[in-house]
Amino acid sequence: MRLLPITVCKPGMKLGRNIYNEEGLILLAEHMELTDSIISRLSMHGIDFLYIDDPRTDDIAIPELLTDETRQAATRVIRSHFRRLMDDSSRKKPARVGALSKDFRQILNMIIDDLSHQQNAMIMLTVMQITDHYLFQHSINVCIYATLLGMAHGYNRDQLQTMGLGALLHDIGKTKIDMGILKKPGELSDEEFGSMKQHTVLGFQMLKDEPNIPLLAAHCALQHHERLDGSGYPRSLKGHEILEYAKWIGLVDAYDAMTTHRVYRNAMLPHQVMEILYTEAGIKFDLDKVELFRDKVAIYPLGVSVMLNSGESGVVVDLNASYPQRPVIRILKNEGGEELAVPYEVDLSKKLTLMIQSVNEPEAF
């Protein structure tokens, strides 16, 4: 299968992977044939990329980080509890958070168990899911990424549970932000951005006194937008003033925000986001955390189309865990743009003179 921008997908192409609905259930099954209507609807729902069947790459296996059972349970729990908190009738009342701690801990344990079986797993663009609110899927993604990084860093299960709970609930304060601000399609005004920034304080206030929520998890909600140089909010903390868990969550929160479709911009690919994070390493984010994150992210996702500096183009078919920036490429077109009768593969970790020059350029499809 190939990972294509939805803008180049055409009727007659067949899905290479399932598309899930808001509840984590299959909406469109793999191998379903696309129509103009389906493509248009998926685009309207914020799907920027699709896995498409392609006989030249039908052997590409893309692993899932979570089982269907875990993903569906996580989606269901987050939607139900966050929707309750977002309900207009509850916005002016004190938030009752205690009811969710048991459910969220259960979900977190399922996520930790799934990830524990994949010690060498890498963060990839794998699940295509429409959602009725960005906040729901974002909370799951941030938890997955933070937990995976915590494992790579060497945290024990108790530490993973605390940081994972902080990751799941880091944006809970947004349930008390005006929906018009949360879903505004354009740039926020200074006043609106000031209101949006209050989600960190609101989240902390909602969590800090809950007996079944670790205080450290509440501080993750408060501090995940703080930055090393003091440019963050709400308290302009610097360096060691920021909790380690909050630093991890702040990093993956920024990554997921940029690789996910938003109402005001399309999703970016991982290699583009990592370039941005590297420019901010040592300034806004810890360099060692960015470096570990780089080693756990599939910078060039399986199935993505690339062009090499040789002029040849093809598809990423395998990853090198030790050198994620130098994957294995199946060459489909020669330097003249002609389709090869017999594609072949090159391992960029061994062919050091070859480099990826561009991603998803039209001539590579």
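Reader: Is the crossing of H12 and H13 left-handed or right-handed?
Author: The crossing is left-handed (the near helix is turned anticlockwise from the far one by less than a right angle; clockwise is right-handed). This is a predicted model, where local features need pLDDT of at least 70 and side-chain atom pairs pLDDT 80 or more, while totals for chains, interfaces and linings use all residues. Residues are numbered from 1 along each chain as its sequence is written, and side-chain values use heavy atoms, without hydrogens and water.

Reader: At what angle do H12 and H13 pack?
Author: Two packed helices are described by the angle and the distance between their axes. Here H12 (residues 270-279) and H13 (residues 287-296) pack at about 165°, axes 10 Å apart (lines fitted to C-alpha atoms over the stretch in contact; angles run from 0 to 180 degrees between N-to-C directions). H12 and H13 are therefore roughly antiparallel (over 145 degrees; under 35 is roughly parallel, 65 to 115 roughly perpendicular, the rest oblique).

Reader: Which residues of H12 and H13 meet?
Author: Met274, Leu277 and Tyr278 in H12 meet Leu287, Val290, Glu291, Phe293 and Arg294 in H13 (heavy atoms within 4.5 Å). The contact divides into 6 nonpolar, no polar and 2 charged residues.

Reader: In what order do the strands of the open sheet stand?
Author: Strands of a sheet pair through backbone hydrogen bonds, parallel or antiparallel. Here 3 strands run S3-S2-S5, with mixed pairing (pairing takes at least two DSSP bridges). S3 (26-28) and S5 (128-129) are the edge strands, each pairing on one side only. S2 (residues 19-20) joins S3 by 2 bridges, antiparallel. Tyr20 stands opposite Ile26 in S3.

Reader: How many helices and strands has the chain?
Author: The protein chain has 13 helices and 10 strands (DSSP runs numbered from the N terminus: H or I, at least four residues; E, at least two).

How values were computed
Ala, Val, Leu, Ile, Met, Phe, Trp, Tyr, Cys and Pro count as nonpolar, Asp, Glu, Lys and Arg as charged, and the others, Gly among them, as polar.
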